[in-house]
Amino acid sequence: MKIERCVKESFVVIGKEGSTLDGDGFIQRLWADANSHFEEVRSLARKNENGDLAGIWGVMSDFSYSFHPWEDFRKGLYLAGVECGSDAEAPSGWTKWTVPGYEYLYVECEEDDVFSRVIQYMKDNGISLAGAVHDFTCPQTGKNYMFFPIKKLVLIETERLIIREMNQSDFSPLCRILCDEEVMSAAYESAFTLEEAQGWLDRHLKRYEKYGFGLWAVVLKETGEMIGQCGLTMQKWRGEEVLEVGYLFQKEHWHKGYAAEAAAACRDYAFTVLHADRVYSIIRNTHIASQKVAERNGMRVIDKGVKNFRDIDMEFLLYCVERLDGDKDEAESE
């Protein structure tokens with residue numbers, strides 16, 4: 001049995017929905033219904049670069065539609081359908097689900113005990129199941145696979161933004177931030193080279209492994225594009241480590257409130273998920289726009305000092321906001 005890994009962003013499946021409450025054989029009945037009426041959704045199906053169907057999915061969820069694993073792996077919902085574009089609408093008699101993005105373990109279903117063997121493999125290797133398991137059929141080969149989610153890609157969601165971990169495929173939009181002279185001169189005096197940008201990305205990938213957080217990708221819901229980065233890092237200030245909210249955005253997305261929206265969400269994540277008592281932002285004394293974001297984030301200046309970056313001494317302000325009692329109560333109740 002060959003177990004492989006992949007990352008799949010959020011995707012849409014339109015199909016026939018049922019549940020374990022429908023009795024034995026309900027999955028087979030769903031597939032029979034979906035197959036016999038497939039022409040109703042054929043035009044909505046997502047295609048690959050060769051014009052072939054992108055995928056046939058048997059998507060699972062708990063009864064709350066939260067995509068948590070089935071209760072005891074025996075009770076839950078099932079959607080038998082086809083992968084479609086995000087703007088597709090389900091015809092009458094069909095149901096549309098939007099599956100969150102995950103990192104998956106996946107394996108071809110060559111034997112009957114694949115599910116139990118993969119679950120045992122995960123236990124043996126300290127890997128937790130992050131969501132419901134899905135069935136996948138490759139339309140080109142007819143091979144069947146099981147997808148086991150092990151890490152949810154979206155960490156935070158706001159009204160307009162999705163905040164998730166960066167990966168190597170984000171290098172190009174990241175360079176539109178780090179290698180832009182206008183963007184970087186305010187924060188770091190000058191733009192990065194491509195090599196420095198790659199080093200920056202590599203450091204944050206390592207931070208995800210070490211701390212469970214770092215600077216994350218900020219994705220615009222409307223378009224699905226990465227427009228900036230915002231997140232939490234441990235930074236040195238006067239010899240001590242502080243938890244900082246940091247943010248950098250492509251210049252074409254300035255002055256639209258995205259930085260403040262993302263920074264506030266990361267601040268709340270620090271309080272409610274990481275149980276931090278206070279959060280900081282370290283900002284150059286000349287970077288007025290970034291200071292305004294910190295102020296909108298409820299922060300105030302508590303200190304000032306000089307830090308050396310790329311062999312240049314720069315003056316910085318230390319902003320701070322403390323967790324409120326209500327945030328403490330919420331964190332303690334989790």
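Guide: Let us begin with the surface. The accessible surface of the protein comes to about 17300 Å², and 47% of this belongs to carbon and sulfur atoms. Accessible areas come from the Shrake-Rupley method with a 1.4 Å probe; for residues, only the protein chains shown count as cover. The model is a predicted one, in which local features need pLDDT of at least 70 and side-chain atom pairs count only at pLDDT 80 or more, while totals for chains, interfaces and linings use all residues. Residues are numbered from 1 along each chain as its sequence is written, and side-chain values use heavy atoms, with hydrogens and water left out.

Visitor: What percentage of the 334 residues count as buried?

Guide: Buried means under 20% relative accessible area, exposed over 50%, and partly exposed in between (1.4 Å probe, protein chains only). Of the 334 residues of the protein, 47% count as buried. The C-alpha atoms fill a box of roughly 70 × 45 × 40 Å, taken along the principal axes.

Visitor: How many helices and strands does the secondary structure hold?

Guide: Helices (H or I, at least four residues) and strands (E, at least two) are DSSP runs, numbered from the N terminus. Here the secondary structure comes to eight helices and 16 strands. As for contacts, the term means heavy atoms within 4.5 Å. Among contacts between residues at least 6 apart in sequence, 65% join residues at least 24 apart.

Visitor: In what order do the eight strands of the open sheet stand?

Guide: Two strands pair if DSSP finds at least two bridges between them. The order in this open sheet is 1-6-8-7-3-4-2-5, with antiparallel pairing. Strand 1 (4-8) and strand 5 (95-99) stand at the edges with a single partner strand each, so one side of each is left without a neighbour in the sheet. Neighbouring strands of this sheet are turned by 35° against each other on average, direction ignored. Such angles rest on axes that are lines fitted to C-alpha atoms, for helices over the stretch in contact, and run from 0 to 180 degrees between N-to-C directions.

Visitor: How many bridges join strand 3 to strand 7?

Guide: In a regular strand the side chains alternate between the two faces of the sheet. Strand 3 (residues 56-61) and strand 7 (residues 134-137) run antiparallel and are joined by three bridges. Isoleucine 56 stands opposite threonine 137 in strand 7.

Visitor: Which strands do helix 1 and helix 2 lie across?

Guide: Helix 1 (residues 26-36) lies across strand 2 (11-19), strand 3 and strand 4 (77-84), running at about 30° to strand 4. Helix 2 (residues 114-124) lies across strand 6 (102-108) and strand 8 (144-152), and its angle to strand 8 is about 25°.

Visitor: Where is phenylalanine 73 found?

Guide: Phenylalanine 73 is in the loop between strand 3 and strand 4. Its phi is positive, about 60°, although it is not a glycine. At 40% relative accessibility, phenylalanine 73 counts as partly exposed.

Visitor: What do strand 12 and strand 13 form?

Guide: They form a hairpin with two residues between them. Glutamine 235 stands opposite valine 242 in strand 13. In the turn, arginine 238 has a positive phi of about 50°, and at 60% relative accessibility this residue counts as exposed. Eight of the 10 residues of strand 13 are buried, so this strand is largely enclosed by the rest of the structure.

Visitor: Which residues of helix 7 are buried?

Guide: In helix 7 (residues 288-296) the buried residues are Ser290, Gln291, Val293 and Ala294. They cover an arc of only 155° around the axis, which puts them on the same side of helix 7; the arc is that of the directions from the helix axis to the C-beta atoms. Lys292 and Arg296, on the other side of helix 7, are exposed. The buried residues pack against strand 13 (240-249), helix 6 (258-272), strand 14 (278-284) and strand 16 (312-322). Serine 290, with a relative accessible area of 10%, touches Tyr247 and Ile283, not counting residues up to four places away in sequence. Glycine 298, which follows helix 7, has a positive phi near 80°.
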